[in-house]
Amino acid sequence: MADRELSKKAQKANNIWWQLSGLLGDQHRLLMYTLLQAIFTVATMALTVPIFLSYELHVVFQILKISAAAWNGGSFLLEVMPRQVILKEKKKSEMQPESPQQDQSSTVVENAMKAEISAEVNGSQQR
């Protein structure tokens with residue numbers, strides 16, 4: 001069941017990996033995904049030795065990693081966070097009509113507490 005849900009999500013995203021995995025048709029999508037993963041794994045592993053042996057390549061790789069992390073974090077802050085704030089504000093504005101009743105009830109509670117406090121103060125002063 002989880003595979004179907006992930007497949008639906010991937011199809012909905014319609015990114016390059018979904019398109020590449022469908023080159024051999026939908027019935028061979030799993031095989032194509034496996035081949036793409038194998039190519040990616042071999043390419044990644046092939047780069048480890050040169051990066052390990054070369055200081056310059058190692059520095060470039062570290063800079064690329066930091067740049068990718070900063071880019072992803074910045075994109076999240078600039079794209080996702082504003083949407084979340086807008087949704088939160090929408091929810092607040094939808095719930096605003098109910099707030100005057102809540103304000104009235106909180107005013108009643110505050111007045112009752114003030115009356116109770118003043119009664120206690122007056123009672124202690126009379127003793």
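Guide: Accessible areas here come from the Shrake-Rupley method with a 1.4 Å probe. The model is a predicted one.

Visitor: Switching to the fold. How many helices and strands are there?

Guide: Five helices and zero strands. The pattern along the sequence is α-α-α-α-α.

Visitor: What's the mean pLDDT of the chain?

Guide: The mean is 79, with 71% of residues at 70 or more.

Visitor: Which elements have the lowest and highest mean pLDDT?

Guide: Helix α5, residues 99-126, is lowest at 60. Helix α4, residues 55-95, is highest at 91. Where pLDDT is low, the predicted coordinates should not be read in detail.

Visitor: Which residues form the nonpolar patch on the surface?

Guide: Leu23, Leu24, Leu31 and Leu35. Together they have about 380 Å² of accessible area.

Visitor: Where is leucine 24 found?

Guide: In the loop between α2 (16-21) and α3 (29-53). Leucine 24 counts as partly exposed because its relative accessibility is 43%, between the 20% and 50% cut-offs.

Visitor: Now serine 54. Buried or exposed?

Guide: Buried, because its relative accessibility is 19% and the cut-off is under 20%. Serine 54 sits in the loop between α3 and α4.

Visitor: What lies 3.2 Å from a polar atom of its side chain?

Guide: The backbone nitrogen of leucine 57.

Methods: Residues are numbered from 1 along each chain as its sequence is written. This is a predicted model: local features need pLDDT of at least 70, side-chain atom pairs count only at pLDDT 80 or more; totals for chains, interfaces and linings use all residues. Side-chain values use heavy atoms; hydrogens and water are left out. pLDDT is the predictor's confidence in each residue, from 0 to 100. Helices (H or I, at least four residues) and strands (E, at least two) are DSSP runs, numbered from the N terminus. Patches are made of residues with over 30% relative accessible area and no salt bridge: like charges are joined within 9 Å, nonpolar side chains (Val, Leu, Ile, Met, Phe, Trp, Tyr) within 5 Å. A salt bridge is a side-chain nitrogen of Lys or Arg within 4 Å of a carboxyl oxygen of Asp or Glu. Buried means under 20% relative accessible area, exposed over 50%, partly exposed in between (1.4 Å probe, protein chains only). A polar contact is a pair of N or O atoms within 3.5 Å; within protein, one must be able to donate a hydrogen and the other to accept it, and residues adjacent in sequence count only if both atoms are side-chain atoms.
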